[in-house]
Each structure stands twice: as C-alpha cells, then as structure tokens.
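Q: Could you walk me through some features of this model, one at a time? I'd like the general idea and then the case at hand.

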Amino acid sequence: MRFTFDNSAENPRNPSVPPVRVRAGNRSSDEMATLTLQLLAESPQARKALTEAVSRHRVERYPRSWAARLNLGAILAEQGALEEAATHLRAGIALEPLNVELRMNLGAVLASLQQFPEAQAELEEALRLGPGNANVHANLAQLEGMRGRWQEAAEHQRAVLAANPRDTRALRGLGSALQRLERFDEAAAQ
C-alpha cells in the first residue's frame with residue numbers, strides 16, 4: 001500500500017493557502033493514513049510460530065529494548081526453550097536491571113531448569129524491587145515447594161491470598177503446603 005499526500009500550492013483541494021506542514025494526528029486536517037493487517041493462524045502451533053517470529057524480529061530490530069527481550073523470553077519459556085529464554089531475559093536485565101517482570105520471569109525459568117539458588121536470588125530481587133507483588137510471591141511459593149520447603153511455600157501462598165483472597169491456585173497451594181507440613185510433623189512425632 002502506498003499513501004501519497006499533496007499539500008502543495010499546486011493542489012486545488014489543499015485546504016491551506018498558503019500550504020502548511022501536515023503532521024500525524026486525529027484532526028481531519030492531519031495525516032491519518034493507516035494500513036492494518038489482521039492475521040488468523042491456521043492452528044495454535046502456527047500462532048505460536050508467528051508470535052515467536054514477530055518477537056525475534058523485534059529483538060533484532062531493537063536490540064536495546066528490554067521489553068522485546070522480556071516478550072521473547074516469555075514466549076521461549078512457554079515453548080520449553082528454557083536456556084534460550086534465560087539468555088534473552090538476562091540480556092533484558094542487563095538493559096533494565098530494576099525491572100520486576102524480567103527478574104520474576106528469569107527466576108521462574110531458572111527454577112524450571114532446577115537452578116534453585118539462582119532462581120531464588122532472582123525472585124528475591126524481584127520481590128525487593130516490587131514488595132508485595134503477588135506474582136513474585138506465587139513464583140517463590142512454587143520454587144519453595146519444588147525444594148520441599150513447605151513452611152516458606154505456605155508463607156508465600158498467604159501473601160498471594162492477602163492480595164487476592166479468591167486466588168484458587170494459591171488456595172490449593174496453601175492447602176497442599178499445610179498438608180505436607182502436617183504429614184512432616186506427624187512423621188517427626190513418631
């Protein structure tokens with residue numbers, strides 16, 4: 001698609017005499033040409049491939065964009081490409097070290113890779129940067145559960161529930177952690 005604008009004095013339909021510079025905007029005298037393409041993927045796999053391709057293109061085009069790194073890292077993590085996801089998330093953190101989302105996502109990826117100390121460090125830093133962030137608490141609860149640290153998992157689930165008392169995942173997680181603690185206490189008493 002090609003849009004051509006003629007705001008010269010030679011254009012008899014030019015509303016401005018003498019001609020004025022036209023800028024982008026929402027007024028009828030502004031330049032408002034747009035082209036929108038909407039795609040419908042044939043399958044969920046095709047949608048994922050398209051989303052990944054767009055995200056990769058954004059990283060190539062804007063290598064200093066932490067948001068592009070975050071998006072690509074999240075997509076790769078969802079697809080199970082955990083090592084590559086961690087690489088992009090770390091690159092994002094190098095660009096924006098105080099970003100809670102980057103650190104939280106990297107912590108979750110490292111937990112999935114069973115790199116527990118590193119995951120713990122990233123998630124604790126995310127919580128320091130965003131105190132009370134329920135999503136960070138949820139990730140910490142999951143990590144503590146993976147490590148068999150049920151008291152800590154229960155504390156993080158309680159923090160999630162303080163923010164959202166109807167969070168069913170946190171309710172189930174808290175119940176599971178408390179049940180495991182109870183079994184541990186019974187075993188220790190015998």
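Q: Where is Gln-114 placed?
A: Helices are DSSP runs of H or I with at least four residues, numbered from the N terminus. Here Gln-114 sits in the loop between α4 and α5. A word on the source: this is a predicted model, where local features need pLDDT of at least 70, side-chain atom pairs count only at pLDDT 80 or more, and totals for chains, interfaces and linings use all residues. Residues are numbered from 1 along each chain as its sequence is written, and side-chain values use heavy atoms, with hydrogens and water left out.

Q: Is Gln-114 buried or exposed?
A: Buried means under 20% relative accessible area, exposed over 50%, and partly exposed in between (1.4 Å probe, protein chains only). Gln-114 has 58%, so this residue is exposed.

Q: What about the phi of Gln-114?
A: Most residues other than glycine have a negative phi, and most peptide bonds are trans. Gln-114 has a positive phi, near 60 degrees. As for peptide bonds, the one from Val-17 to Pro-18 is cis, with omega near 0 degrees. Pro-18 lies in the segment before α1.

Q: Which residues does Asn-99 contact, beyond its neighbours within four places in sequence?
A: Contact means heavy atoms within 4.5 Å. With those neighbours left aside, Asn-99 is in contact with Trp-66 and Leu-129. Asn-99 belongs to the loop between α3 (82-95) and α4 (100-112), and its relative accessible area is 10%, so it is buried. Its side chain also reaches the backbone nitrogen of Glu-101 at 2.9 Å.

Q: Where is His-88, and which residues does it touch?
A: His-88 is in helix α3. Not counting residues up to four places away in sequence, His-88 touches Val-59, Arg-69, Leu-72, Gly-73 and Leu-76. With a relative accessible area of 10%, His-88 is buried.

Q: How many residues are in the largest nonpolar core?
A: A nonpolar core is a set of buried Ala, Val, Leu, Ile, Met, Phe, Trp, Tyr and Cys residues joined through side-chain atoms within 4.5 Å. The largest one has 25 residues, and Leu-89, Leu-106, Val-109, Val-136 and Leu-143 have the most contacts inside it. Two or more residues each come from α2 (66-79), α3, α4, α5 (116-129) and α6 (134-146). The biggest giver is α4, with seven residues. A second, separate core has seven residues, including Ala-153, Leu-161, Leu-174 and Ala-177.

Conventions
Polar contact = N/O pair within 3.5 Å; in protein donor to acceptor, adjacent residues only side chain to side chain.
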